[in-house]
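This briefing covers helices, chain contacts and single residues. Please have the sequence and the model at hand while reading.

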Amino acid sequence: MTDATAPALGARLKRPSVVGLFGMLFVGLLLLWLGINLVKAPSDFFEILLIGLTTGCVYALVALGYTLVYGILELINFAHGDVFMLGGMFTITFATSIFNLHAGRGFVAVPIVFAVLILSMLACGLLNAAIEFVAYRPLRGAPRLAPLITAIGVSFIIEDVGLAWKGPNYVTAPDVFPHTKVFSFHGVDYGWNKLIVILITVPVLLALTYLVQRTRQGKAMRATAQDQEAAAIMGINVNRTISFTFLIAGALAGAAGLLYSLYVTTVRFDQGFQLGLIAFTAAVLGGIGNLPGAVFGAVLIGLIQAFNEGLNWHAPGSDWTQSIVFTILILILVFRPEGLLGERTPEGG
Amino acid sequence: MSQPAEAVGLRNQVRAWWKHLPVLERAGVSIGLELLLAVGLFFIDHSLAYAVIACSALYWLRRLPPLPWKLAGQLVLVLAFIVFGVWSLAVVLAIAFAVFWLPPRYRRWALPVVACAVTVLYPFYQDKMFTIPVFGVWPDVATGVYMLVFVMMAVGLNIVVGYAGLLDLGYVAFYATGAYTAAWFASLQFPHTTFHLGAIGIDPHLPGIHVTIWLLLPLAGMITAFFGILIGLPTLRLRGDYLAIVTLGFGEILPQIARNSDNFLGTGFNLTNGPNGITPLDSLGFGNRLSSWTGHVLPANYLQCCNAKVLGHQIQSTDLFFWTAIALLLFTVFCSMRLQFSRLGRAWIAIREDETAAAAMGVPLMRTKTWAYASGAFFGGIAGAYYATFKSATFPGDFFFNISVFILCMVILGGMGNIWGVIVGASFLAYLNQEGLANTGQWINTNVHIGSHHPNLDVPLYASGIYGLIILVVMLFRPEGLIPSRRRAAELHEGVHDEPLYDAAHAGAEA
């Protein structure tokens, strides 16, 4: 039972393990399934691929929030998904109440969407930092499970804030992303609404990479993630750095909330939790604490979800999406907890 | 620590002033504040003001010298309630006072015995009880069954979370397993097989599997425990937060399988009847033979019992379910207490406090943790099976993540690791969930208003947020819960080394 006698990782890799063989067999079958689907209906396949890429982008922004926070505090921030949900609601409120945005306003929508993006990122960032201040900071020295439990509590509270604010039904967002096609190739249509999601995601990701890798504040984040005490000795204000990390994570959730609400055009108070768990799975899949890993995992999960829900030949369908995602989560945590790209704290390296 | 010269800031100054106040003046100030509160509340709801005064009186009575003042005060209080016509409250108080006048070595036994007696007799006096301010009337017996079942589950979860310190966010999976076990083996779900084993109150030629519920309860427990081991074996070597996530994953997958398995894996086999759930289930009962042997003291069938009138109370089938639930709960509590001080229980505590040290002392980590999982799952399974029988139905919609957190909230509120605390916390929260929140909402909507503006809150809608708030507040301000176990409180305040030995994630990344 005890694994005191477990061989070192190197030895384990050389020996062809049963688990590894099964894993390879499974991946092989998966690729075979994808290949048959590709041959049967190529245009459907590529269309679904593009849909998966788009959802993957939204997941990436949420997954980065999980991974940033986990990297610095080793805390699974359950409330993150609900912050994302509130981000969608902020977006809808700002867009409709302040800017009176609705479908068919042409290019006026572009600066408005940017303004709303900034506002909702700011709102979610501040909210996330406030959550950290209220619910996690007092428990810095407590056993590790204590902040995890409060995180669940906060998640439920925020969910009900959304419920009290917007009611139990779907809230509709203005459908401002144009549905005209960027290109149409052998029956594969690529709409502007999908491209816009990627066009907003990529600069945000670049900005985040710049922030973490090149700025003083990013250096402080990386140092705090490596060793809080040593960082404090070197004169880094650890508490402020952690707050800043939560602010960034919340801002990413806000951006994701904007993209999700404008792309899908509906948001409901309880969507954040489910989507948050999917994004968390993505973060674990890529290797939690690893920023490129989170993006990679998110795109992978987005593709898996899209293929599962969209493909025609022997796909389990949307009834099973959640089960599939959680099975991936469990398998990854049990057999490869360091994720596909390896666990890292945000020191990049 | 208590040098007033060092007190900086208003809060500390007030605290220092309070600390150095003579006892009598301190009491005077407190009582004054309480009276002020009562006067304030009087304008909202009269009975609430009386309740505050009564609670204050109860609190200050404790601090009086026992003879003659305390006794006199208690008599006055009881008499006052009799005079005001609140007979039931007077009786409750009289019993409580009587128990606390017993010498400690008797009180230790009298307290649980009286609590049991009061619970068992509850159906007889439920309709004669006083109305509680804000919360309204006392819960009816069906709510009582619900409370008992959830207390049982909380006591089961307490083994995993409280004793062994493993955070389980998917306890609802065990509940579901138990419920579906009962549903499969005691309903019309599988019409192609006909198998009868002691089932009560149904035609012996009815299709489907019909096993007596008495056998199904332990069976459900064992199947669930086996399932717990199955989940536990691969996952228990993960560190705490990863384990929590994995259990959450199982807790989400299982209900989805239940919801989607009316066409099991595309084979057309109806395993769970999908979102419609399995209903009805066979009834609970002792059968005609046993019933006539015992002179109809044991009812033949719980659903067709009720012509007996005892102590002026018509026995209902709900009452029978209530008493059976008490018996099951007593069994659970007994097992849980015996486990706590057994070799296994001490091993759990050792693991919870310091995994590395426990392993060094020869505690087999995996086996001990798996046993914690299995024991917790066992009681969850029994509770699930029993509740499914009581409702005579199982729906996949009953097994949301919310329920897992709800049960976790019970354990946290009551006090992780302390069985009495968990019982109190669980019964209170289960009551809130079933009746309390609705009653509170009603009270708020009738009594609280700003001018002519009534809030019209739908309080039960926000149940999960309220549990979230309870979790947050308890974890921040009193992490050891309302009735803490002394040991757990020390851990939570000092912090423990919970760096796990099986650090699968780090072992992979840093090797």
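Is H11(A) mostly covered or mostly uncovered, and how many of its residues are buried? H11(A) is mostly covered, with 15 of its 16 residues buried. Buried means that 20 or more other C-beta atoms lie within 10 Å of the residue's own, exposed means 12 or fewer, and partly exposed is in between, with C-beta atoms placed from the backbone.

The model is predicted: local features need pLDDT of at least 70, side-chain atom pairs count only at pLDDT 80 or more, and totals for chains, interfaces and linings use all residues. Residues are numbered from 1 along each chain as its sequence is written, and chains are lettered from A and ligands numbered from 1 in the order in which they are written.

**Helices of chain A**

- Helix H11 of chain A covers residues 271–286, and its 16 residues reach 23 Å from the first C-alpha to the last, close to the expected 22 Å. Helices (H or I, at least four residues) and strands (E, at least two) are DSSP runs, numbered from the N terminus. The expected span is 1.5 Å times one less than the number of residues in the helix.
- A:Gly287 follows H11(A) and has a positive phi, near 110°.
- Helix H6 of chain A (residues 145–166) has 22 residues and a reach of 32 Å from its first C-alpha to its last, close to the 32 Å expected.
- H6(A) is mostly covered, as 17 of its 22 residues are buried.
- Just after H6(A) comes A:Gly167, with a positive phi of about 85°.

**Helix packing in chain B**

- In chain B, the axes of helix H8 (residues 141–163) and helix H17 (residues 401–414) come within 9 Å and cross at roughly 75°. Axes are lines fitted to C-alpha atoms, for helices over the stretch in contact, and angles run from 0 to 180 degrees between N-to-C directions.
- H8(B) and H17(B) are therefore roughly perpendicular to each other. Angles of 65 to 115 degrees count as roughly perpendicular, those under 35 as roughly parallel, those over 145 as roughly antiparallel and the rest as oblique.
- On the H8(B) side, the contact is made by B:Phe150, B:Met153, B:Ala154, B:Leu157, B:Asn158, B:Val161 and B:Gly162, which meet B:Ile407, B:Leu408, B:Met410 and B:Val411 of H17(B). Two residues are in contact if their C-beta atoms, placed from the backbone, lie within 7 Å.
- The residues of this contact comprise nine nonpolar, two polar and no charged. Ala, Val, Leu, Ile, Met, Phe, Trp, Tyr, Cys and Pro count as nonpolar, Asp, Glu, Lys and Arg as charged, and the others, Gly among them, as polar.

**Contact between the chains**

- Contacts between the chains involve 45 residues of chain B and 42 residues of chain A.
- Helices H10 (213–235), H11 (240–260), H16 (365–391), H17, H19 (463–477) and H21 (504–510) of chain B each supply at least two residues of the side that touches chain A.
- H11(B) gives the most to that side, with 12 residues.
- By class, the side of chain B that touches chain A has 30 nonpolar, 10 polar and five charged residues.

**Domains of chain B**

- Chain B is divided into domain 1 (4–117) and domain 2 (141–510), with bounds that come from an automatic or database domain assignment.
- The C-alpha centres of domain 1 and domain 2 of chain B lie 35 Å apart.

**Backbone features in loops**

- The peptide bond from B:Thr279 to B:Pro280 is cis, with omega near -5°, and B:Pro280 is in the loop between H11 and helix H12 (287–293) of chain B.
- A:Glu74 is not a glycine, yet its phi is positive, about 55°. A:Glu74 lies in the loop between helix H3 (42–73) and helix H4 (80–98) of chain A and is partly exposed, with 17 other C-beta atoms within 10 Å.
- B:Val134, also not a glycine, has a positive phi of about 70°. The loop that holds B:Val134 runs between helix H7 (122–125) and H8 of chain B.

**Single residues of chain B**

- B:Leu437 is found in helix H18 (residues 419–447) and is buried, because 20 other C-beta atoms lie within 10 Å. Leaving aside neighbours within four places in sequence, B:Leu437 is in contact with B:Leu432, B:Val459, B:Pro460 and B:Ala463.
- B:Arg11, in helix H1 (residues 9–19), is exposed, because 9 other C-beta atoms lie within 10 Å.
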